[in-house]
Amino acid sequence: MTSVLERINVAHATFSVEFMPPRDDADEQILWRSIRELEGLDPAFVSVTYGAGGSRRDRTIRTTGRVARETTLVPMAHLTAVDHSVAELRNVIGWYAAVGVHNVLALRGDPPGNPMGEWVKHPQGLSYAEDLVRLVRELGDFCVGVAAFPYGHPRCADIDTDADRLVRKFRAGADFAVGQLCYSAEDFLRLRDRVAAKGGDAPILPGVMPLTTPKMLSKTVELSGAPVPPHIASRLEPLADDPKAFRAEGIDVVTEMCQQLLAEGVNVLHFYTFNRAKATKEVLGRLNLVPSRTA
């Protein structure tokens with residue numbers, strides 16, 4: 001089984017993509033259409049998020065297994081400690097291994113129903129992502145990723161402390177980190193510098209999402225935990241009532257950020273797709289990251 005680390009430790013620029021578990025059969029058809037569209041572009045890996053509270057966990061597990069069995073893609077399974085005992089976590093990790101999935105993104109996860117709510121540990125569960133990293137490492141030959149937060153974790157006191165926690169996850173055995181959404185290259189590069197200064201030398205991938213609608217812009221605020229920077233808001237907010245113009249400007253904003261990241265030596269861009277392929281393909285095309293046979 002190819003590891004994510006092998007796929008991202010390359011000399012050329014590449015990308016990865018993230019999907020959400022389908023809510024129903026209709027959603028599953030949309031998801032698989034997007035997976036097939038992006039498969040031909042040869043992403044470094046694909047990941048499927050893990051629904052908190054148990055609502056879509058089974059679909060996450062089934063979808064990740066199907067990617068492993070039916071596509072040429074390298075799948076990465078999300079796993080959170082939310083509402084799981086250690087025994088349950090062992091079972092899920094064992095199932096992933098049984099279907100050939102050996103790349104895991106280990107996350108503590110958000111409280112069900114309220115990402116900003118108070119974290120409550122399962123009575124027989126784990127408290128921190130670094131504990132989950134150790135558990136996955138104990139159970140087999142896994143490549144393990146963790147989350148990174150350009151603006152700091154919402155429940156962390158400050159960004160410096162948050163960087164310390166990321167370094168601890170690396171020392172616990174994590175091979176790489178995937179960043180939450182960021183709005184500008186500078187925000188991500190400052191995170192990279194903070195972590196490097198503390199001795200963290202594992203790869204960190206910036207999280208990118210094409211901004212195609214005002215709703216998507218609002219979603220980035222929720223996912224990043226930070227307000228939209230004024231220089232971006234000034235470009236996009238005046239276009240809120242013009243869908244076509246907003247989408248065009250949003251694609252420009254994200255493409256420019258990606259170009260700057262690539263110029264600063266970032267080799268892998270992680271795209272949050274929301275199960276749609278078109279906008280991601282547009283950005284990749286502008287960045288010349290689409291294989292010539294599909295251009």
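Predicted model: local features only at pLDDT ≥ 70, side-chain atom pairs only at ≥ 80, totals over all residues.
Visitor: Hi! Can we start with Glu18? Where is Glu18 found?

Guide: Hello! Glu18 is found in strand β1, which covers residues 14-19.

Visitor: Is Glu18 buried or exposed?

Guide: Glu18 is buried, because its relative accessible area is 10%, and buried means under 20%.

Visitor: Which side chain does the side chain of Glu18 make a polar contact with?

Guide: That would be the side chain of Ser47, at 3.3 Å. If we leave aside neighbours within four places in sequence, Glu18 is also in contact with other residues, including Thr49, His78 and Phe271.

Visitor: Okay, new topic. Which residues touch the most other members in the largest nonpolar core?

Guide: Four residues do: Leu79, Phe170, Ile204 and Phe271. This core has 73 residues. Its largest share, 7 residues, comes from helix α10, residues 243-263.

Visitor: And what does Leu79 touch?

Guide: Not counting residues up to four places away in sequence, the list includes Tyr50, Leu89, Val104, Leu107 and Val136.

Visitor: Which residues does the second, separate core include?

Guide: Cys143, Leu205, Met209 and Met216 are among them, in a core of 19 residues.

Visitor: Let's look at helix α8. Which residues are buried there?

Guide: In α8, residues 214-224, you'll find Met216, Leu217, Thr220 and Ser224 buried.

Visitor: Why do the buried residues of α8 line one face of the helix?

Guide: Seen down the axis of α8, they fall within an arc of 105°, so they line one face. As background, an α-helix has 3.6 residues a turn, so residues three or four places apart point the same way.

Visitor: What covers the buried residues of α8?

Guide: The cover includes strand β6 (176-181), helix α9 (230-236) and helix α10.

Visitor: And what comes just after α8?

Guide: Gly225 does, and Gly225 takes a positive phi of about 80°.

Visitor: Last one: Leu261. Where does Leu261 lie, and is Leu261 buried or exposed?

Guide: Leu261 lies in helix α10. With a relative accessibility of 0%, Leu261 counts as buried.

Visitor: What does Leu261 touch?

Guide: Setting aside residues up to four places away in sequence, Leu261 touches Ala185, Phe188, Leu189, Pro206, Val266 and Leu269.

Visitor: How far apart are Leu261 and Ser184?

Guide: In sequence, Leu261 and Ser184 are 77 residues apart. In space, they are 8.8 Å apart, C-alpha to C-alpha.

How values were computed: Residues numbered from 1 in each chain as written. Heavy atoms only, no water. Helix = DSSP H or I, 4+ residues; strand = E, 2+ residues; numbered from the N terminus. Buried < 20%, exposed > 50% of the residue type's maximum accessible area, 1.4 Å probe, protein only. Polar contact = N/O pair within 3.5 Å; in protein donor to acceptor, adjacent residues only side chain to side chain. Contact = heavy atoms within 4.5 Å. Core = buried A, V, L, I, M, F, W, Y, C linked by side-chain atoms within 4.5 Å. Arc of directions from axis to C-beta.
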